[in-house]
Amino acid sequence: MKTIIPQLTKLVSWQALEAHYPKVRELHLRRLFADDPTRGERMTAEAVGIYFDYSKHRITDETLRLLLQLAEESGLRARIDAMFRGEKINGTEKRAVLHVALRAPKGQAIVVDGKDVVPQVHAVLDKMADFSSRVRSGEWKGYTGKPIRNVINIGIGGSDLGPVMAYEALRHYSRRDLTFRFVSNIDGTDFAEATRDLDAEETLFIISSKTFTTLETMTNAHTARDWALKTLQDSAAVASHFVAVSTNAGEVARFGIDTANMFEFWDWVGGRYSLDSAIGLSTMIAIGPEEFRAMLDGFHQMDEHFRTAPFERNLPVLMGLLGLWYNNFFGTQTVAVLPYEQYLKRFPAYLQQLTMESNGKHVTLDGSEIDYQTGPIYWGEPGTNGQHSFYQLIHQGTKLIPCDFIGFIQPLNPLGRHHDLLLANVFAQAEALAFGKTPQEVQAEGTPAGLVPHRTFEGNRPSSTILLERLTPEALGKLVALYEHSVFIQGAIWGIDSFDQWGVELGKALAVRIISELETGAEGQLKHDSSTNTLIQRYRRSKELSHG
């Protein structure tokens, strides 16, 4: 039966927001703060160890009231409940969406197709913990009897972005006598550089592919197999140096991996939501089972807050609604995520897949064309590096870019004044974006008249400040879940399926066809457009010349 989605722009709350927007558009944050001295204390929310300051957004109490009304009127509560109940809310693939089950504690029941999946989840976690402990202790040996010193995760998309982000984020807690590397790109350079200084006798590969047929992952996996066997000389060695995160036991066994060393996950786990499944095996080996479970507990704490907290105090709901406000009414096209924590250097890249693969959709759940903007572009870099790069555009450019500043009160590596300087920059950048500097203030500093326009800062540029006490595995779980659920909020209100990704399929299918044309050189049979045909022919001619 076809799902019928209410027309978003016809909702009373949406139309009220459209009428309200012109009034707010003209307000400056300088005035909003001057008129309400308590705004910076009042427009905040705190839960599960995260302090969320949204006072520097271009909103009034009425804006917030209307956004919350939109959430109610669009059926958000029912959609949240349906996800947690295990209903098949991924309509185009007829799947449940249950990444929340991956971090559910023992004893909690989450039912899919009449079966409680939580015991399955913990069985895999226990298997991961046993394997990780054996690798970490040196009990797991390579084929020649040497302990494992190098772990290489081979995956792509969520099977790479999640593990590499989590490893970098939690490197402080990782085993420093083990080397961890991540290979995803089909560009041979990625594999070559990851392995060039490693000893195959001490290297373990984790091949992460649900189907064990993903082109990029399996190309790299077979290259890894060839690389290992060049040293180890015996195909029986594969079982000691390769494990799989997959659901395809037949293909895993055919590759040479012992299926006893295959770690399962399920079709109700989307790739970009799989960090806390068996896809996180490399992370668990790096930080240990206890810290990995602490990360899962952080995820679960945010899940429960999201599931139970009233919308007006619900961190993911507030974050999601504010993003929607700028995307759909101000017409902003991007969001900058700016973590002031070097360990989170891959966090913006991780969010790019989470947000843009989820909400980059042009039709609603019922297949109707959308007449409003959906997913914005996410990007960012760690502070303070970005301040000497792209902040110029955020402060004085012609584009309005909402920003998320992420900071931690306690440093992991205290060095002199470093952390005070780092946090001073977090607070200063948010303040500068909000309030700017007027021409009169610039003139009062004695600036020559000709330079006044250049040194004026318009301000009124919105940002959130997200503060946590310390970057721990638990804190990382909370932070990732915060963004996961805010993405869900927006998708639910837009009436789209945030959990499929058909948009990645067309290019992949065409690439399979073009590969054979590149390798066979059947130029007379090329049936592409003139540009693609010419590019293929040029590549073939150059390849033939280089090969003599």
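Q: How much space lies in the largest cavity?
A: A cavity is space where a probe fits but cannot get out. In this predicted model, the largest cavity holds about 140 Å³ of space.

Q: Which residues are the closest to the centre of the largest cavity?
A: Lining residues have an atom within 4 Å of a cavity point. Here 15 residues line the largest cavity, and Met319, Gly323, Val335, Tyr378 and Asp404 are the closest to its centre. Helix 14 (315-330), strand 12 (403-408) and helix 20 (473-494) each supply at least two lining residues. Helix 14 gives the most, with four.

Q: How does the lining of the largest cavity divide by class?
A: Nine residues are nonpolar, five are polar and one is charged.

Q: What volume does the largest pocket have?
A: A pocket, unlike a cavity, is an open set of points. The largest pocket has a volume of about 1100 Å³. It is lined by 41 residues, with Thr214, Gln501, Val504, Glu505 and Lys508 the closest to its centre.

Q: Which elements give two or more residues to the lining of the largest pocket?
A: Helix 7 (158-169), helix 9 (215-232), helix 15 (347-359) and helix 21 (505-520) do. Helix 21 gives the most, with six residues. By class, the pocket lining has 16 nonpolar, 15 polar and 10 charged residues.

Notes:
Residues numbered from 1 in each chain as written. Predicted model: local features only at pLDDT ≥ 70, side-chain atom pairs only at ≥ 80, totals over all residues. Heavy atoms only, no water. 1 Å grid on protein atoms, 1.4 Å probe; cavity = no way out; pocket = protein on both sides within 12 Å on 5 of 7 lines; lining within 4 Å. Points joined across faces, edges and corners; volume = space filled by probe spheres on them. Nonpolar A, V, L, I, M, F, W, Y, C, P; charged D, E, K, R; others polar.
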